[in-house]
Amino acid sequence: MKKIILTLSSAVLFVACSKPGLAPIPKDAIQPTIVTQQTPNDTDDPAVWINKNNPDESIIIGTDKFKENGGLYAYNLKGEIINKIVPLNRPNNVDVAYGFNYQGKQIDIAITTERGNNKIRIVSLPDFKLIDNGGVEVFANEEFRDPMGIATYKQGDKIYAIVGRKSGPSENYLFQYLLEDNNGKIEAKLVRKFGKYSGKKEIEAIAVDQELGYIYYCDETAGVRKYYADPSKGNEELSFFGQKDFKRDHEGIAIYKTSATDGYLLISDQQANYFNVYRRQGDSNNPNKHEIIAKIPVSTIECDGADAINFNFNSTFPKGFFIAMSNGKTFQLYDWRIIQKEIDKQYQPK
C-alpha cells in the first residue's frame, strides 16, 4: 500500500508543479511518507484527533476550501477519506479540542471556520457529526469579518477558540471566545480582542502551545507574532520574529513537542516550499527570542496549513508525524523521524 501511495504522490506533485506561477519544489526536498486522497476543490488546513485507546484509528481532519460546496474531510492514517461533512460555505482552518463539556458529558470536538457564513462550525469526534445547530456567529457587528484562522486553547475545563479573519484593524485583530453549552446549544462568549496587524496582507495561520500557554500567528509578509493564551495575562505582544527569514508569505504553523517544554515551531515559507524551524522554548536566556535553526525543504506546493504530533501511532509513525497541505487537493504526511534527521543536519545545540 505504501508503494502505491508514494507513486500517486509523485503524480500529484508533478501535476501541481506544472502549473504556471507556482513555486518550484526544492531539488533536495524530502518526500512524504503518505499522501491523502484528493478532495474535490482546494485543501487548506489539517488537524489531528488522537485515538488514545487505539492510536492506529486516529483521524486526520482537513478543510476543503470552496465557496458553497466546500467541506470538512476525515482521513485515516493511510490517507484514505473515511468521512466528510458537505456542503460547507468556504471552510478555512480547523483545530481539535479534547474534553468539551456538552450535554452533561465530556466530548472531543473539531472546530472549523466557515468563512462564507461568518461562523464557526463544531463537530463531535470521532463520530464526525455537526452539533452546532447551524453554526456559531463570530465577529458580530464588526466592519471586518470573513473568519479564516482558528486555534483552540484549554484552561482547566474551559475551552477557548481564537479566531482570525481576512482583514481587520491594526490592533485587536483576533477575537478569543469561550465556548459554552447552553442546554444543547453551543454559544461563544467573547472574552477578549487582541493582536497587532501590519496591514500588509492577512492573518490566517494560528497555533496554540497548550503546555507553555502561548498563541502564535502569522502576519503574512511581515512576521510571526506571539501572545499569552490566558486572557487574564493581558494583551502584550511577547515576540515578533521571522521577519527576514521568509521569501514572502508566512503561512501554516505546526508545533512538535519533544517534551512538555521543548520542541520545535515549523512555519511554512510558502513561496519557497520550505518550512522554517525555530526552537519552541526560545533562547536559553529568553523564552520569547526565536531564531531560525533550520530550513526544511518539502515537496508540498505552496503550503497553507500544517500540524505536527508527537505520538506513537503505529510502526509507520512511532514518533508521530508532520502533516502539511499541498496544492493538488491533498495533505502530505511525513514520518517525524525524517523531519528530525533534517533538523539535526542543520542544527547542533550548544
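**Figure 1. Strand β23 is covered on both faces.** In this predicted model, strand β23 spans residues 306–309; strands here are DSSP runs of E with at least two residues, numbered from the N terminus. Ala306 and Ala308 on one side are buried, and so are Asp307 and Ile309 on the other. Buried means under 20% relative accessible area, exposed means over 50%, and partly exposed lies in between (1.4 Å probe, protein chains only). β23 pairs with strand β24 (residues 321–326) in the antiparallel sense, over four bridges; pairing requires at least two bridges found by DSSP. Look for Ala308, whose bridge partner in β24 is Phe322.

**Figure 2. The largest nonpolar core has 36 residues.** A nonpolar core is a set of buried Ala, Val, Leu, Ile, Met, Phe, Trp, Tyr and Cys residues joined through side-chain atoms within 4.5 Å. The residues with the most contacts inside this core include Leu266, Phe275, Phe321 and Phe322. β24 gives the most to this core, with five residues. Apart from it lies another core, of 20 residues, among them Phe100, Tyr102, Ile107 and Ile109.

**Figure 3. Ile296 and its contacts.** Leaving aside neighbours within four places in sequence, Ile296 is in contact (heavy atoms within 4.5 Å) with residues including Ile30, Tyr274, Phe275, Val277, Ile339 and Ile343. Asn273, Glu342 and Gln346 are also among its contacts.

**Figure 4. Two cysteines without a disulfide.** A disulfide is a pair of cysteine sulfur atoms within 2.5 Å. A search of the whole structure finds zero disulfides.

**Figure 5. Gln243 in a loop between two strands.** Gln243 lies between β18 (239–241) and β19 (250–257) and is partly exposed, with a relative accessible area of 45%. Not counting residues up to four places away in sequence, Gln243 touches Ala222, Gly223 and His250. The side chain of Gln243 also reaches the backbone oxygen of Phe240 at 2.8 Å. The C-alpha atoms of Gln243 and Asp219 are separated by 9.6 Å, though these residues are 24 apart along the chain.

**Notes for all views.** Residues are numbered from 1 along each chain as its sequence is written, and side-chain values use heavy atoms, leaving out hydrogens and water.

Key: This is a predicted model: local features need pLDDT of at least 70, side-chain atom pairs count only at pLDDT 80 or more; totals for chains, interfaces and linings use all residues. A polar contact is a pair of N or O atoms within 3.5 Å; within protein, one must be able to donate a hydrogen and the other to accept it, and residues adjacent in sequence count only if both atoms are side-chain atoms.
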